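Welcome! Here is a friendly briefing to read alongside the model. Take a look at the picture first, and then follow the topics below one by one.

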Amino acid sequence: EDIIHFCGRTDEVNAVYQNCLCLIQPSYIESFGLTMVEAMANGRPVISAQNGGADTIVKHGETGYLVPKKDAGALAEKMAKILSDPELAEKMGLAGRKRYEELFSPERARQEFINVLDTMIQSTAKPSPIDLLLEDTWRWILFHKKESDHNKEKSLDIIKHAENRVI
């Protein structure tokens with residue numbers, strides 16, 4: 001009764017994770033478990049049904065547990081294990097945080113996107129003028145958070161640079 005709290009909808013997702021011991025994700029089908037990634041980002045272990053998406057996110061026994069679909073007994077067993085061993089929960093949560101940083105963080109996504117752009121830029125095929133303009137535009141978007149007077153000057157420089165490459 002004092003262990004489980006139903007919070008309802010909230011915009012304070014990180015606060016909810018900070019106030020819980022772990023995330024339980026028993027859904028049968030999950031293409032990509034954003035809630036699992038959010039829990040790991042907040043240093044919380046995940047207990048999930050093996051549902052496709054969870055299998056690629058959770059490392060069984062390291063960042064949490066994966067249990068067979070529709071196996072309430074296995075789910076309850078892993079929940080009891082986490083509840084009875086706060087040190088294990090913390091260890092798994094830290095491993096989950098590390099996995100989040102290595103694979104799922106915005107910084108990682110940005111770097112992967114840049115890598116794809118760099119691969120396209122370095123390809124042997126000569127890029128079209130549109131490709132060059134898109135390259136410069138995307139680089140500007142990725143590296144400039146908000147448009148300020150300083151950034152307006154940079155954006156004009158980028159446009160001039162792109163025009164010179166297109167012509």
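A residue is called buried when its relative accessible area is under 20%, exposed when that area is over 50%, and partly exposed in between. With that scale in hand, please keep in mind that this is a predicted model. Of the chain's 167 residues, 31% count as buried.

**The overall layout**

- The chain contains eight helices and three strands.
- Read from the N terminus, the order of elements is α-β-α-β-α-β-α-α-α-α-α.
- If we take the contacts between residues at least 6 apart in sequence, 45% of them join residues at least 24 apart.

**Helix H2 and its surroundings**

- Which residues of helix H2 are buried? In this helix, which spans residues 34-41, they are Met36, Val37, Ala39, Met40 and Ala41.
- These buried residues pack against several elements: helix H1 (13-18), strand E1 (23-25), strand E2 (46-49), helix H3 (53-57) and helix H5 (86-103).
- After H2 comes Gly43, which has a positive phi, near 70 degrees.

- Tyr100 sits in helix H5, and with a relative accessible area of 14% it is buried.
- Setting aside neighbours within four places in sequence, Tyr100 is in contact with Val37, Met40, Ala41, Ser105 and Pro106.
- How far apart are Tyr100 and Val37 in sequence and in space? They are separated by 63 residues in sequence, while their C-alpha atoms are 6.6 Å apart.

**Helices H4 and H5**

- A pair of packed helices is described by the angle between the axes and the distance between them.
- Helix H4 (residues 72-84) packs with H5 at an angle of about 100 degrees, and their axes are 5 Å apart.
- H4 is therefore roughly perpendicular to H5.
- On the H4 side, the contact is made by Lys81, Ile82, Leu83 and Ser84; on the H5 side, it is made by Pro86, Leu88, Ala89 and Met92.
- By type, the residues of this contact are six nonpolar, one polar and one charged.

**Two cysteines without a bond**

- A disulfide is a covalent bond that links the sulfur atoms of two cysteines.
- How many disulfides does the structure have? The count, made with a cut-off of 2.5 Å between sulfur atoms, comes to zero.
- Cys20 has its closest cysteine sulfur in Cys22, but at 6.8 Å the two sulfurs are too far apart for a bond.
- Cys20 is partly exposed, with a relative accessible area of 25%, whereas Cys22 is buried, at 17%.

**Salt bridges**

- Side chains of opposite charge can pair when their charged atoms come close.
- Glu77 and Lys78 join their side chains in a salt bridge, with N and O 4.0 Å apart. Glu77 is exposed, with a relative accessible area of 51%, whereas Lys78 is buried, at 15%.
- Lys98 pairs with Glu102, and their closest N and O atoms are 4.0 Å apart. Lys98 is exposed at 51% relative accessibility, while Glu102 is partly exposed, with a relative accessible area of 42%.
- Glu112 pairs with Arg108, and here the closest N and O atoms are 3.0 Å apart. Glu112 is partly exposed, with a relative accessible area of 35%, and Arg108 is partly exposed too, at 31%.
- An α-helix has 3.6 residues a turn, so residues three or four places apart point the same way.
- Lys98 and Glu102 are four residues apart in helix H5, so about one helical turn separates them.
- Glu112 and Arg108 are likewise separated by about one helical turn, because they are four residues apart in helix H6 (residues 106-121).

**A loop residue with a positive phi**

- Most residues other than glycine have a negative phi.
- Lys70 is not a glycine, yet its phi is positive, at about 60 degrees.
- Where is Lys70 found? It lies in the loop between strand E3 (64-67) and H4.
- With 65% relative accessibility, Lys70 counts as exposed.

How values were computed:
Residues are numbered from 1 along each chain as its sequence is written. This is a predicted model: local features need pLDDT of at least 70, side-chain atom pairs count only at pLDDT 80 or more; totals for chains, interfaces and linings use all residues. Side-chain values use heavy atoms; hydrogens and water are left out. Buried means under 20% relative accessible area, exposed over 50%, partly exposed in between (1.4 Å probe, protein chains only). Helices (H or I, at least four residues) and strands (E, at least two) are DSSP runs, numbered from the N terminus. Contact means heavy atoms within 4.5 Å. Axes are lines fitted to C-alpha atoms, for helices over the stretch in contact, and angles run from 0 to 180 degrees between N-to-C directions. Angles under 35 degrees count as roughly parallel, over 145 as roughly antiparallel, 65 to 115 as roughly perpendicular and the rest as oblique. Ala, Val, Leu, Ile, Met, Phe, Trp, Tyr, Cys and Pro count as nonpolar, Asp, Glu, Lys and Arg as charged, and the others, Gly among them, as polar.
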